[in-house]
Amino acid sequence: MAERITREQAYDLLHKYVKGEHYITHCYAVEAIMRALAERLAPDDVEYWGIVGLLHDLDEETCDWRNDLSTHGPVSAEILKKEGFDDQVLCDAICAHNPASGVVAHTTLQYAILAADPMSGFVKAVAQIYPDKKLSSVKVKSIKKRFKESRFAAGANREYMMAIEETGISYDEFCQIALDAMLGIADELGL
C-alpha cells in the first residue's frame, strides 16, 4: 500500500512542480478553504482535505491544459504516482475539480474542491476592487452581490461554486467560510 502524503511532503511537491507565485498563492487559498470546509464536514480529515486543496493544481505548469483541458488533473495524478503517492481518493478529488478530466464530483470531498477552487479566485477578485485591495475590506454581502454579476470575475465558474450545496452547506455560508479561511492567511496571500 502506498504511503499517505503529509502536508510537508505536499508543500515540497507543490514547490517542486509549480513555480509561478500566482499559482502557489492560489493553492494556499484553496488549501485554507478546504481545511475550513473539512472542519464542518469531515473534522477527522482536516489535514487531508487541506492537502487536496494544496495539490489541486499540481500540474498547472506541467500539463498542456490550454490546448487539452482534459489533461488537467490526470497529469497531477501521474506526478503523485511517480513521486510514490498512489492515493486514488486524492487523485480522484484532484481530477474532480476539473470535470473535463472525466471525473465528475460525487463525494463530499469532490464537491468541496470543485467549489473551493473558483471561490478562492472569486473572493480575491472582490478584494481587488477595494482601494486597499485587502480581504479585511471584503464583506460576505459584497461576495454575494458580485456573484450575481456575470461579467465580474467571469472566469470563476458559478455553477462549480454552487456545487457546495451538494455538501449540505448553503452558498451564503460558504461565502463566509471561504472569506474567513482566506483572511486567516491574508499575509501569505498578499491580500
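Residues are classed here by relative accessible area: buried means under 20%, exposed means over 50%, and partly exposed covers the range in between, using a 1.4 Å probe and protein chains only. The model is predicted, so local features need pLDDT of at least 70 and side-chain atom pairs count only at pLDDT 80 or more, while totals for chains, interfaces and linings use all residues. Residues are numbered from 1 along each chain as its sequence is written, and side-chain values use heavy atoms, with hydrogens and water left out.

We can begin with the charged pairs. A search of the whole structure returned 6 salt bridges, each defined as a side-chain nitrogen of Lys or Arg within 4 Å of a carboxyl oxygen of Asp or Glu. One of them joins Arg 7 to Glu 31, with 2.6 Å between the closest N and O atoms. This pair links distant parts of the chain, since Arg 7 belongs to helix α1 (residues 7-17) and Glu 31 to helix α2 (residues 21-41), 24 residues apart. Helices are DSSP runs (H or I, at least four residues), numbered from the N terminus.

Arg 35 lies in α2 and Glu 47 in helix α3 (residues 46-55), so the pair ties together parts that are 12 residues apart in sequence. Here Arg 35 is partly exposed at 25% relative accessibility, and Glu 47 is likewise partly exposed at 37%. A further salt bridge connects Glu 149 with Arg 146, the closest N and O atoms lying 2.9 Å apart. Glu 149 is partly exposed, with a relative accessible area of 27%, and Arg 146 is partly exposed at 23%.

Turning to the interior, nonpolar cores were identified as sets of buried Ala, Val, Leu, Ile, Met, Phe, Trp, Tyr and Cys residues joined through side-chain atoms within 4.5 Å. The largest such core has 70 residues, and those with the most contacts inside it are Met 34, Leu 37, Leu 55, Leu 80 and Ile 143. Helix α2 supplies the largest share of this core, with 12 residues. Leu 55 touches (heavy atoms within 4.5 Å) several residues, including Ile 5, Leu 13, Ser 76, Leu 80 and Ile 94, when residues up to four places away in sequence are not counted. A second, separate core comprises 7 residues, among them Cys 95, Ala 96, Tyr 111 and Leu 114.

Definitions and conventions:
Helix = DSSP H or I, 4+ residues; strand = E, 2+ residues; numbered from the N terminus.
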